[in-house]
Amino acid sequence: MSSELRLVARNLGKRYDLFRKPAAHLVKQFVDVRPAREHWALRNLDLEVARGECIGIVGRNGSGKSTLLSLLAGILKPTTGSVEMRGRVAALLELGAGFHPDFTGRENAYLSAAVFGLSGEEVEKRLPSIEEFAGIGDFIDRPVRQYSSGMYARLAFAVAAHVDADILLVDEILGVGDVRFQQRCAQFIRDFRRRGAVVLVSHSEETVLALCDSAVWLADGVEQARGTPREVMYLYQQSLRRQSGSLEEEFEVAGELTSSAAERWRPAEPETDRPRGLLDFEAEVTPTGSGRIGPCTLSARGEPLRSAKGGEDVLLRIPYSIGQHGCEPIVGFALRDRMGTAVFGADSTEFASGPLDGEAGEVEFGFFLPYLPSGAYTIDVRLVDAASGACLATRPDAVLFQVLSRHISAGMASVAPSAASLVVDGERLVP
Amino acid sequence: MDIDPSLPHDVTNLAGRPSGRLGLDGLVSPFGSLLRSPELFRRVLLRDLESTFRGSVLGLLWIVLIPLVMVALYTFVFGVVLKSAWVAQSTSPLEVPLIYFTGLTISGFFLEVINRAPNFIRQHTSYVKKVIFPLDLLDWVLVGTALVKLAISFILLAAFLAIVEQRLPLEVIWVPVLVVPLAVMLVGVAWILSAIGTYVRDLGHALTIISPVIMFVTPVFYSLDQVPEVARGAYLVNPLTFVLEQARAILFFGAGVDWAGYAGYWVAAVIVFWLGFQFFSRARSGFADVI
């Protein structure tokens, strides 16, 4: 039964012929015409997915990931090779594709479900569950043009999650919505994997590591590597690092991260009487801009750390300058996860008895990196004047690094227990 | 797990289709999408019908209101200002507006499909690029929407006829019989126009110029008898001529169906339909590349 379900692509390739006139495209469907220019979006790719598998496709923008998904879905016609498909396919290339803004969420859900091949009766039965999943309340009966983008995405995904499909093709849709919604989407894909197969396109490493059994890395339409997600991610990251090493590049890798981190920086709220310790990283600050924080580095054993497993002894180096006299600078940092939550932090008062002297300097923090869940993390650095309490400078994403680890199944962090005992019915079993 | 190999989501069906394969497969598949996805057809049709009027105060009432206003206008111009030949022939002066109504709704049906077809696929970009969708179904929807409006108009017509003639106008049931081959032909025409229009945007503009021309070379405001003998042959090429002449003859002048002509009409309709599907099948694989 399960052996029937599979998706096999052989020697798949897609060439876009670029003509000067669009009419030539039409002629090309009937007779061979030489195009003005050719562009190969994908070349010679083999892919096989069976029930219970989830394959991640990674690569930068324009590397052919989405082209591949469209080919698998049959939306694009392959130039070379073929796609063989046993089972029903659901393609989630865009959330809410085909939604009409003037129609209510319910009406759009019905049509969307019909596009996925559900009958009216089936939708009727699943609608309560769809509504529950979407969690948009009364908005279900309002036109979707009144929806926030998050509600729109939630409804669209809710419909897709109630479709009978054997093979799910997902394109970069897990980056939308709030945390809870993202978590539900991820959980849905994990559940779906038990009964079907998934091909997932993402440039979020965290998603790929968390959900996929194997991964394929594409660059310029050509397969670069394939293997376990960890191996592929490692190679992919290395190439990104080689290519530029610039900050922008890093941020493209984790585009979602920067946006979620940025959301944390809401406009300053009115001052409260709360003592503003430097390490109150939950407080909103507006830097005065008189200070400067230089490019920071995080290293382990003298090598820059981009990808950690946890348990490393790391060194965070923060160069800074003040730019004005009479300050009592304190430098501090907080390590934040992709949702912007501060996991831990420290500041220079912990080892220097008072504020730092001089106008410019460098602070080094050495610490033991705890076992953290897989994902992207940032280090948020602040420079504060202890005398006035003013924040002189901030560098919200001073360091960006990944943790690739499966040490943690639940919770925010893990410890390596140094001692444990087990007592059952008064009898000590361990140690 | 039983998997129907002909499911719309079966990709080998779509991507692996050998281009231009004729024979039995070609004869069956024009209805394939419609038969496989009746629910989808129904939903998209409803959406298409409603989306035009959604948000307006009168809503679907417009579907009734528009033909009513149109017929009043045309009756005034062609029945009162310019005296037409039918005034003399008809039994009641009140019949004349209904004669116009018949001609206008049938030709309106034709023109609506012709005018919307070139841009119809483009208007549903997300169905082309973002979801797995049987695109040939869109042209069924296009014709279906126009047919629903035509049906409403004919229900109105039947009601008016009953009032004017003080009897049950049973001959109205022949109108759908006449319209079916026209609709079948139009699906084929829509396939061709929508496929070309997807690649070449000019077609939509060209048709806005051409459709008034079609309107005037169609015997809507006059009967075929008024056309000079020499030009009459050209009128018979126009697919509307036969349907209009027949519908008027049956509804107002007590004639029966010209079965020989009707059979010939069906043959032509099926040929256009089939050619349209062949054309669409080959052209559609490139839609996603150009939209």
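Colleague: Is B:Ile173 buried or exposed, and why?

Modeller: B:Ile173 is exposed because 10 other C-beta atoms lie within 10 Å. By the cut-offs used, a residue is buried if 20 or more other C-beta atoms lie within 10 Å of its own, exposed if 12 or fewer, and partly exposed in between, with C-beta atoms placed from the backbone. This is a predicted model, in which local features need pLDDT of at least 70 and side-chain atom pairs count only at pLDDT 80 or more, while totals for chains, interfaces and linings use all residues. Residues are numbered from 1 along each chain as its sequence is written, and chains are lettered from A and ligands numbered from 1 in the order in which they are written.

Colleague: Where is B:Ile173 placed?

Modeller: B:Ile173 sits in the loop between helix H9 (136–165) and H10 of chain B. Helices (H or I, at least four residues) and strands (E, at least two) are DSSP runs, numbered from the N terminus.

Colleague: How many helices and strands does chain B have?

Modeller: Chain B has 15 helices and 0 strands. Of its 291 residues, 40% count as buried. Among its contacts between residues at least 6 apart in sequence, 76% join residues at least 24 apart. Two residues are in contact if their C-beta atoms, placed from the backbone, lie within 7 Å.

Colleague: Why is H3(A) described as largely enclosed?

Modeller: H3(A) is largely enclosed by the rest of the structure because 10 of its 11 residues are buried. The buried residues include A:Glu107, A:Asn108 and A:Tyr110. Their cover includes helix H4 (120–134) and helix H5 (149–161) of chain A, together with helix H4 (38–53) of chain B. Just after H3(A), A:Gly117 has a positive phi of about 95°.

Colleague: What about the largest nonpolar core?

Modeller: The largest nonpolar core has 152 residues, and among those with the most contacts inside it are A:Leu72, A:Ala91 and B:Val143. Helix H10 (residues 174–199) of chain B gives the most to this core, with 15 residues. A nonpolar core is a set of buried Ala, Val, Leu, Ile, Met, Phe, Trp, Tyr and Cys residues joined through C-beta atoms within 7 Å. Leaving aside neighbours within four places in sequence, A:Ala91 is in contact with A:Leu69, A:Ala73, A:Leu169, B:Val131 and B:Ile132.

Colleague: Which strands make up the open sheet of 6 strands?

Modeller: The order is E5-E6-E7-E3-E8-E9 of chain A, with mixed pairing. E5 and strand E9 (222–227) of chain A are the edge strands, each pairing on one side only. Two strands pair if DSSP finds at least two bridges between them. Strand E8 (residues 214–219) of chain A pairs with E9(A) in the antiparallel sense over 5 bridges, and A:Ala215 stands opposite A:Gly227.

Colleague: What does E14 of chain A pair with?

Modeller: E14(A) and strand E17 (residues 360–368) of chain A are antiparallel, with 9 bridges. A:Tyr320 has A:Gly361 as its bridge partner in E17(A). Strand E11 (residues 297–300) of chain A is also joined to E14(A), by 4 bridges in the antiparallel sense.

Colleague: Finally, what is the mean pLDDT of chain A?

Modeller: The mean is 79, and 80% of the residues of chain A reach 70 or more. The pLDDT is the predictor's confidence in each residue, from 0 to 100. Over residues 246–277 of chain A the pLDDT is below 50.
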